Amino acid sequence: MHPINVAPHTEIPGEKTHVGTSLVDTAASTIQSFGPTKQIHQHLCAFHFYADDMTRQVEAHHYCGHQNEEMRQCLIYDRPEADARLIGVEYIVTEKLFLTLPDSEKPMWHSHEYEVKSGVLFLPGVPGPVERQDLEKVAKTYGKTIHFWQVDRGDQLPLGLPQVMMALTRDGQLYPNLAKEVESRYGVSFQKERENRAYMEGLSLGIHPKANAGGVGLKTVVREIECKPSGHPTLEPIPRVFV
């Protein structure tokens with residue numbers, strides 16, 4: 001079986017960045033602190049698929065930082081190069097925090113146990129022994145992922161609705177040629193790493209039955225509703241809004 005949608009790196013429409021813009025950017029970067037992005041401490045590579053269509057599989061590069069020991073947040077790009085497109089975000093929480101979520105929320109979160117133990121989630125360039133120290137923790141977490149840019153369709157700009165994404169949960173889901181291409185590019189072996197990670201433990205209570213979309217598909221939709229008025233007398237009411 002071969003992937004139907006392999007993300008092409010399409011040209012983004014618009015003029016090239018002007019020299020003046022670059023000069024302003026350079027000046028600003030020497031003055032501003034960029035506190036949130038400086039918290040990014042690791043790069044993970046994995047695969048996501050659309051929650052309503054497993055045939056649409058996307059290589060996802062996560063740049064993550066810890067909020068605390070039980071939560072980290074990640075910016076997701078389509079590739080690790082400087083011209084990468086920001087395609088989504090992921091929030092990662094421990095099993096303990098996941099269990100505090102309302103049952104209506106849990107289906108939007110996916111488990112990481114299979115991704116880690118199968119070897120398909122990895123930290124590019126990081127030596128195995130160091131990598132595995134962190135992935136021992138990741139194997140016991142859940143993630144909530146939203147993609148805004150459907151690069152697998154070749155979209156030149158982020159079009160359409162934000163999409164809930166899911167992660168691999170068992171053998172036979174990831175397209176073999178997609179796996180081989182990534183293994184070749186990064187010089188890794190998913191099978192060898194699976195063997196190296198065989199000792200790892202997963203979620204202490206097992207994968208929650210409502211996680212991973214509860215075994216069904218999830219699709220983001222739009223519906224028209226009345227917009228709640230602001231209540232401020234000087235503001236004109238807006239009759240409707242799309243959400």
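Helices and strands here are DSSP runs, numbered from the N terminus. The model is predicted.

**Exercise 1. The loop lysine**

Task: Find where K106 sits, decide whether K106 is buried or exposed, and list what K106 is in contact with.

Solution. 
- Step 1. K106 belongs to the loop between α3 (95–98) and β5 (109–111).
- Step 2. Check the accessibility. The value for K106 is 3%. Buried means under 20%. K106 therefore counts as buried.
- Step 3. Look for a polar partner. The side chains of K106 and D103 are joined by a polar contact of 3.0 Å.
- Step 4. Set aside neighbours within four places in sequence. K106 is then in contact with F98, L99, L101, H208, K210 and A211.

**Exercise 2. The cysteines**

Task: Determine how many disulfides a search of the whole structure finds, and which cysteines a disulfide joins.

Solution. 
- Step 1. Count. The search of the whole structure gives 1 disulfide.
- Step 2. Identify the pair. C64 is joined to C74, with an S to S distance of 2.1 Å. The cut-off is 2.5 Å.
- Step 3. Locate both ends. C64 lies in strand β2 (residues 53–68) and C74 in strand β3 (residues 71–77), so the link ties together parts 10 residues apart in sequence.
- Step 4. Read the handedness. The angle about the S-S bond is 105 degrees, and the link of C64 and C74 is right-handed.
- Step 5. Check burial. C64 and C74 are both buried.
- Step 6. Turn to two further cysteines. C45 has a relative accessible area of 0% and is buried. C227, at 28% relative accessibility, is partly exposed.

**Exercise 3. The cavity**

Task: State how many cavities of 30 Å³ or more are counted, and which residues line the largest cavity.

Solution. 
- Step 1. Count. There is 1 cavity of 30 Å³ or more.
- Step 2. Give the volume. The largest cavity has about 70 Å³.
- Step 3. Name the lining. L44, A46, H48, H62, E90, I92, H110, H112, E115, L121 and V138 line the largest cavity.
- Step 4. Sort the lining by class. It has 5 nonpolar, 4 polar and 2 charged residues.
- Step 5. Assign strands. β1 (42–50) and β4 (86–94) each supply at least two lining residues. β1 gives the most, with 3 residues.

**Exercise 4. A helix and its packing**

Task: Work out which residues of helix α5 (residues 128–138) are buried, and what the buried residues of α5 pack against.

Solution. 
- Step 1. List the buried residues. In α5 these are E131, R132, D134, L135 and V138.
- Step 2. Recall the helix geometry. An α-helix has 3.6 residues a turn, so residues three or four places apart point the same way.
- Step 3. Find the partners. The buried residues of α5 pack against β1, β3, α4 (113–118), β6 (141–147) and α7 (190–196).
- Step 4. Link back to the cavity. V138 is buried in α5 and is one of the residues lining the largest cavity.

Key: Residues numbered from 1 in each chain as written. Predicted model: local features only at pLDDT ≥ 70, side-chain atom pairs only at ≥ 80, totals over all residues. Heavy atoms only, no water. Helix = DSSP H or I, 4+ residues; strand = E, 2+ residues; numbered from the N terminus. Buried < 20%, exposed > 50% of the residue type's maximum accessible area, 1.4 Å probe, protein only. 1 Å grid on protein atoms, 1.4 Å probe; cavity = no way out; pocket = protein on both sides within 12 Å on 5 of 7 lines; lining within 4 Å. Points joined across faces, edges and corners; volume = space filled by probe spheres on them. Nonpolar A, V, L, I, M, F, W, Y, C, P; charged D, E, K, R; others polar. Contact = heavy atoms within 4.5 Å. Polar contact = N/O pair within 3.5 Å; in protein donor to acceptor, adjacent residues only side chain to side chain.
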